[in-house]
Amino acid sequence: MPAPPRGEEAFSRGGARAPASSRIIVPGISGPLLFYTALAGCVLLFAAVYFSDGKRKKRRRRSRGAHAAIPVTATLKDEAAPPRLRVLYGTTTGSARHFAELLQREAGSLGALGLPLRVSVANVKDVDAEELQAEDIVVFMLGTWTGGVPPESATAFCDAVADMARDFRVGSAYLEGVRGAVFGLGSSYYGEDYCRAADALAVDLGRLGMNLLFPVVKGDDSTGAEVGFRDFADKLW
């Protein structure tokens with residue numbers, strides 16, 4: 001009986017023994033080396049996908065920013081029906097409500113120029129954050145309370161928007177197609193807390209995909225908030 005094949009022979013693909021002369025010898029790779037080689041490949045693949053996705057997101061943000069430079073009135077004549085403009089305010093002293101109602105009156109006067117808008121004003125404490133998705137244009141007038149936080153009446157709304165912006169189930173396209181702008185009220189006397197609530201709200205709205213027409217405009221109580229409001233309204237119209 002022939003001796004069983006030893007290390008100089010190998011199995012062929014069909015299961016038969018193959019002579020050593022026809023066997024291809026592959027240098028051995030130790031277990032740890034194989035593991036770390038595979039791990040390095042996975043890390044490189046993840047990095048390539050991550051940075052590629054980041055570049056795509058930056059391009060989308062830049063394209064939204066370019067489109068966002070168009071004021072509200074520039075597209076009104078192209079609308080099939082007068083768009084809804086919802087003005088939401090959060091206030092402690094009443095200043096944000098005052099400017100919200102002033103903006104409502106200015107918007108109403110656009111009808112005489114053939115630029116109609118359906119305008120409504122509401123306190124954010126009476127608004128569910130999920131309602132924003134059904135709006136055309138939303139303007140926020142937000143005051144600042146001690147420590148740079150929103151007024152008490154606006155805390156629940158701002159917290160809800162922040163939670164949605166951080167919830168992966170909601171997504172970054174939740175408010176896509178909704179235009180918006182934020183006007184902050186406060187005093188520059190308070191340094192870093194100056195209109196911090198308005199800045200935070202704008203960031204969260206942007207994360208949800210809202211097309212912010214321009215960066216946050218601020219009304220400074222220490223020099224006259226009316227100046228900031230006029231700048232805001234001029235940009236909006």
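This is a predicted model: local features need pLDDT of at least 70, side-chain atom pairs count only at pLDDT 80 or more; totals for chains, interfaces and linings use all residues.
View 1. Helix α3 comprises residues 152-165, and its 14 residues reach 20 Å from the first C-alpha to the last, close to the 20 Å expected at 1.5 Å a residue. Its buried residues are A154, F157, C158, V161, A162, M164 and A165. An α-helix has 3.6 residues a turn, so residues three or four places apart point the same way.

View 2. On the face turned away from the buried side, α3 carries the exposed residues E152, A156 and D163. The buried residues of α3, in turn, pack against three elements of the chain, namely β3 (84-90), β5 (137-142) and α4 (196-207).

**View 3. The largest nonpolar core.** This core has 28 residues, and those with the most contacts inside it are L88, L132, F140, F157, V161 and L205. At least two residues of the core come from each of β5, α3 and α4, and α3 gives the most, with six residues. Apart from this core lies another, of 27 residues, which includes V72, Y89, A100 and L115.

**View 4. The surroundings of F157.** F157, a buried residue of α3, is listed among the residues with the most contacts inside the largest nonpolar core. When its neighbours within four places in sequence are left aside, F157 is in contact with L88, V124, V127, D128, A129, L132, F140 and L201. Of these partners, L88, L132 and F140 are likewise among the residues with the most contacts inside that core.

How values were computed: Residues are numbered from 1 along each chain as its sequence is written. Side-chain values use heavy atoms; hydrogens and water are left out. Helices (H or I, at least four residues) and strands (E, at least two) are DSSP runs, numbered from the N terminus. The expected span of a helix is 1.5 Å times one less than its number of residues. Buried means under 20% relative accessible area, exposed over 50%, partly exposed in between (1.4 Å probe, protein chains only). Contact means heavy atoms within 4.5 Å. A nonpolar core is a set of buried Ala, Val, Leu, Ile, Met, Phe, Trp, Tyr and Cys residues joined through side-chain atoms within 4.5 Å.
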